[in-house]
Amino acid sequence: MQLPLNDADKALIRAMRDAHVLEDVDGHRLDPAGVIPVTCADGHRFRDIFDHIEQILSVHGNSAERCVHPLTRHGGPMRLVPKCPANKPGRSTAIDYQDEVLEACEIKNINTIALVNHALCGKACQCGISVVRSMTLMFEGKQLLKKRSQKITVACFQHVDWGDSKRTYFIRRERFLRWQVAGAQVLERLSGPPSQIAATL
Ligand SMILES: [Zn+2]
């Protein structure tokens with residue numbers, strides 16, 4: 001089952017598009033050597049996320065050396081954050097996930113990480129995490145990774161399944177935070193409760 005975005009979530013994401021918080025990815029080029037995507041395992045959306053990263057990298061031409069090395073978990077980047085409600089208390093899930101991402105950089109000799117949050121995510125819904133909260137957690141995950149390694153570059157993306165189409169957007173932390181402050185009332189009106197829990201991711 002694929003979780004649909006509800007009207008409130010759609011309005012929220014459109015408002016973020018209008019405010020240029022979510023930007024088209026064109027021009028935001030990743031390292032041609034490859035990238036480590038950190039994203040949800042959602043089988044209905046993963047292929048689109050993976051293909052889009054390949055497409056971005058294709059601006060550098062085709063290279064047999066290029067490597068896209070994804071590390072998935074239900075919920076994706078939010079799982080990098082120990083306090084994320086999707087992580088069970090007392091477990092080392094977040095640290096283990098961070099370790100694995102940094103290990104992937106070493107093993108594959110790739111220093112670019114793409115955190116790809118997605119909406120609507122079944123794991124986020126299951127844990128009562130709104131779309132905006134999942135974005136905030138993604139940025140917290142970025143900071144935690146950057147604290148542990150000086151040499152990595154971490155770019156954040158938001159995948160959206162609109163129902164009749166799928167899109168991946170680039171999202172900058174500073175712009176997101178400014179928008180949150182300026183649009184607090186709009187946010188409160190639009191963000192609402194997360195969509196209903198689905199039986200599957
Ligand atoms: Zn998901």
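Guide: What follows describes the core, then the chain around it and the confidence of the model. This is a predicted model, in which local features need pLDDT of at least 70 and side-chain atom pairs count only at pLDDT 80 or more, while totals for chains, interfaces and linings use all residues. Residues are numbered from 1 along each chain as its sequence is written.

A nonpolar core is a set of buried Ala, Val, Leu, Ile, Met, Phe, Trp, Tyr and Cys residues joined through C-beta atoms within 7 Å; buried requires 20 or more other C-beta atoms within 10 Å of the residue's own, with C-beta atoms placed from the backbone. The largest such core has 48 residues, and Met 78, Ile 113, Ala 114 and Leu 115 touch the most other members. Helix H5 gives the most, with 6 residues.

Leaving aside residues up to four places away in sequence, Leu 115 touches Val 38, Pro 77, Met 138, Gly 141, Lys 142, Val 154, Cys 156 and Phe 157, a contact being two C-beta atoms, placed from the backbone, within 7 Å.

In the protein, buried residues make up 38% of the 201 residues, and there are 7 helices and 7 strands. The mean pLDDT (the predictor's confidence in each residue, from 0 to 100) is 88. Confidence is lowest in helix H7 (residues 184–191), at a mean of 58.

Definitions and conventions: A residue is buried if 20 or more other C-beta atoms lie within 10 Å of its own, exposed if 12 or fewer, and partly exposed in between; C-beta atoms are placed from the backbone. Helices (H or I, at least four residues) and strands (E, at least two) are DSSP runs, numbered from the N terminus.
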